[in-house]
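Here is a friendly briefing on salt bridges and on one helix pair. Please have a look at the model first, then read on.

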Amino acid sequence: DEINGLFNSLNMYKGGKGADEQQLLELYDGGAYRSLRQSDSTRGFQRSAVNIFGAVQPDILFSLIATGDASGKWARFIFVPLPDKTVRLPGKLSDQANAEIDQAENLLQQIIYTIYKHDCFIYKLSSEALRLFSEYEHGKQRDVLDAKLPAQSSLYGKSAGKVLRMAGILHILWNYDNRNDRYGEISTTILQKAICIVDHLDIWMLETHAKVAGTKSCNLDSFGKRIHDIALKSQLPVSWTEIRNQMSSAEKLNKTAREAEKSMQALVEMNLGEISKGDRGGLWYKAIKPL
């Protein structure tokens, strides 16, 4: 409920006419801000460094993004969903386990203390990392244009910026005790890891936007899901005739090629598959990822 409380409190002291949310959006880029209050015209700052860390339950998040994300507010966040699993707490700790816990706590304190005293420094990518980032950022531009939903387009538009932030964090963490590397260029290896982290976590948010918008694959009927499952096993384009032959009598009862094409088209619109035509004009379908 922490994130929910934060955004519900914006503008609450200004009759809903304030600019709290707009200021929050501008702080993302670390720029300046100056208050327009008549009684305090000198209040402001030249640079900003604001981090928001909190928790939100999935159902509450769904309600927050229900109207989309035209401003890119939610695209600025990196959401980390918790896995659905249980973990049993240990009933007893050995002397070795206690020693390892103490060692870990001391290490974390050392890292935090060192980074806290870290001098302000502007980091740059190495020449190889810069080429990789240029390709990645250009690819995200294409994703913005190809996105089915405006909220997904906003998310793609912020991916490159989040990758740079993540790369900077990883570089500092992994070089905190090496003064020479600490002030060095960010390498391709670190940038690649940052890309993997951001893309992996953004997938969940892309699917969440799709679910809220009503285009989640769970809205498919059983016939469409069966078509996709059969094609997914092949990993190659499969003709409607082959798909139909693998269905049970009940599954294909009264199902024509036209109905199959409608279901395949629904899958294509969800970016789950591709439709093609065979040499004789027959209907073919390829599943490109699981439901």
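Buried here means under 20% relative accessible area, exposed means over 50%, and partly exposed covers the range in between (1.4 Å probe, protein chains only). This is a predicted model, in which local features need pLDDT of at least 70, side-chain atom pairs count only at pLDDT 80 or more, and totals for chains, interfaces and linings use all residues. Residues are numbered from 1 along each chain as its sequence is written, and side-chain values use heavy atoms, with hydrogens and water left out.

**Salt bridges**

- Side chains of opposite charge can pair when their charged atoms come close.
- The structure holds five salt bridges, each being a side-chain nitrogen of Lys or Arg within 4 Å of a carboxyl oxygen of Asp or Glu.
- One of them joins K162 to D202, with 3.2 Å between the closest N and O atoms.
- This pair links distant parts of the chain, 40 residues apart: K162 sits in helix α6 (residues 150–174) and D202 in helix α8 (residues 188–212). Helices (H or I, at least four residues) and strands (E, at least two) are DSSP runs, numbered from the N terminus.
- Both K162 and D202 are buried.
- E251 and R226 meet through their side chains in a salt bridge, at 3.1 Å from N to O. E251 lies in the loop between α10 (240–245) and α11 (257–269) and R226 in helix α9 (residues 222–234), so their pairing ties together parts 25 residues apart in sequence.
- E251 is partly exposed at 32% relative accessible area, and R226 is partly exposed at 22%.
- K277 and E261 form a salt bridge too, their closest N and O atoms being 3.8 Å apart. Strand β4 (residues 273–277) holds K277 and helix α11 holds E261, so this pair ties together parts 16 residues apart in sequence.
- E261 is partly exposed, with a relative accessible area of 32%.
- A network of salt bridges links K140, D143 and D199.

**How α6 meets α8**

- The axes of α6 and α8 come within 8 Å and cross at roughly 145 degrees. Axes are lines fitted to C-alpha atoms, for helices over the stretch in contact, and angles run from 0 to 180 degrees between N-to-C directions.
- Residues in contact (heavy atoms within 4.5 Å) include K162, V163 and M166 in α6, and V198, D202 and M205 in α8.
- The residues of this contact divide into 17 nonpolar, four polar and three charged. Ala, Val, Leu, Ile, Met, Phe, Trp, Tyr, Cys and Pro count as nonpolar, Asp, Glu, Lys and Arg as charged, and the others, Gly among them, as polar.
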